[in-house]
Amino acid sequence: MIPKILIIDDELKLLKLLGMILQQENFDVKEASSARSGLSMLDQFDIDVVLCDVKLPDAFGVALVKEIKAKRPTVEVILMTAYGNIPDGIQAMKNGAYDYLVKGDDNDKIIPLVYNALEKVKENRNRMYEKQDSSISFENIIGKSAAIFQTKKLAEKVARTEATVLLTGETGTGKEVFANAIHNASPRNTGNLVALNCSAFSKDILESELFGHKKGAFTGASSDKKGLVEEANKGTLFLDEIGEMPLDLQAKLLRILESGEFIKIGETKSSKSNFRLIAATNRDLKEEIHKGNFREDLYFRINIFEIHLPPLRDRKEDIKVLANEFISRFANKMQIKKLEVEDNFYQKLQSSEWKGNIRELKNAIERSMIMMESNQLAADNLYIEISENPSSLDMYTVEKQHILKVLTYTKGNKSEAARLLGIGIATLYRKLEEYGLK
Ligand SMILES: Nc1ncnc2c1ncn2[C@@H]1O[C@H](COP(=O)(O)OP(=O)(O)OP(=O)(O)O)[C@@H](O)[C@H]1O
Ligand SMILES: [Mg+2]
């Protein structure tokens, strides 16, 4: 697919010039000279990246960033600020912009920046639709603790039934992995596993993703669209972060769960779909009910079979087996043949808190392997999460070197580096600027 780039700028000369530069990269370029027409193009086309001027006749670009992100959360926005107006750029990043450019000054940076933003877009999309992996089975779910053993046994049992499953547990405990394993072990494994992250969409988009829409149902609905509930027919629908689903959509979800019927946006008659639901949340749904954010009737409907995934700190026996698995995977990836792991490395792993659970453990191990010298993995290579505000000069240099090493490893790919460092992309950019690494 050819990436679609939208430029919003009322200075026509610049609009055309930028358009030409981007067309030379074979991007599909759309142009708008006001915020209003830019927003309507976002409805019409599947835009990937927006380049947006700060001063528009009908809007302030810094504020427009927020509107664009609300409308299309996977889209990345690059703000073009006037010369010498860095505060606008910083505010734009706080509003969710990917980065900013100083107009006229940064011409050679435009293309690389757009490519980086496109990578981020790809990542955003993966996060929204989740990875569906038909190779994940219960055997791939590693752990030797009694807690994980029990959890797996329960999940394997319920997998064979038609029952709705609610997966609960902190971030990084393996909810997505379990959802895949359950579908793959179920009689519905010949159908699709369709996954959607409810937290990644605005209400309107979520509804049209889930239930689909008719052509002309709203501005931008240029053709009929099949909803995910239909794609999941005869298969499984995995709704991740279900606690984030807006209340009126919860009512529609309840309806389809009870009757199998749903109504497409812009349609009057209802359609049918037969899917099995797996839902996941890292929130306490009872508390959400109490706060008025979650429907109690829906809760009872989805909480037929709850599987709680225990946090890593409650199953420390699993840390070493998980670590060994990740070490051998990364050794493979990095083509390391012989590797020594010191005892103090495991000891340090055992004593960490792992608030991000298995995901954090996995990232920490990959980071350590980037940092190690002469294929020896020791406690010193294990950096647990870098702080947002380095307090001393010493910390400052350690962090700078650390970031540099990670960036070298990722061959300059900043979003990959941010993931490995466990920080957001905006934070990484800020740090690069602070350290004069940009
Ligand atoms: N038992 C396990 N064995 C091996 N890898 C695992 C296991 N559990 C989780 N992982 C890995 O840990 C990472 C996090 O898992 P997953 O995405 O399933 O967590 P999650 O509970 O869905 O997190 P979140 O709430 O943040 O979405 C993934 O890379 C996954 O492959
Ligand atoms: Mg998940």
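Trainee: How far apart do the C-alpha centres of domain 1 and domain 2 lie?
Mentor: The two centres are 34 Å apart. This is a predicted model, in which local features need pLDDT of at least 70, side-chain atom pairs count only at pLDDT 80 or more, and totals for chains, interfaces and linings use all residues. Residues are numbered from 1 along each chain as its sequence is written, and chains are lettered from A and ligands numbered from 1 in the order in which they are written.

Trainee: Which domains is the protein chain divided into?
Mentor: Domain 1 spans 4-125, domain 2 spans 138-310 and domain 3 spans 313-434; the bounds come from an automatic or database domain assignment.

Trainee: Turning to ligand 1, which residues come nearest?
Mentor: I142, T171, G174, K175 and E176 do, out of 16 residues around ligand 1. A residue is near if its C-beta atom, placed from the backbone, lies within 6 Å.

Trainee: And which domains does that shell draw on?
Mentor: Domain 2 and domain 3 each give at least three residues. Helix 7 (175-184) and helix 15 (357-371) each supply at least two; helices (H or I, at least four residues) and strands (E, at least two) are DSSP runs, numbered from the N terminus.

Trainee: What is the strand order in the open sheet?
Mentor: The five strands run 9-12-15-8-16, with parallel pairing, where two strands pair if DSSP finds at least two bridges between them. Strand 9 (193-197) and strand 16 (305-308) are the edge strands, each pairing on one side only.

Trainee: How many bridges join strand 12 and strand 15?
Mentor: Four, in the parallel sense. F238 has I278 of strand 15 as its bridge partner.
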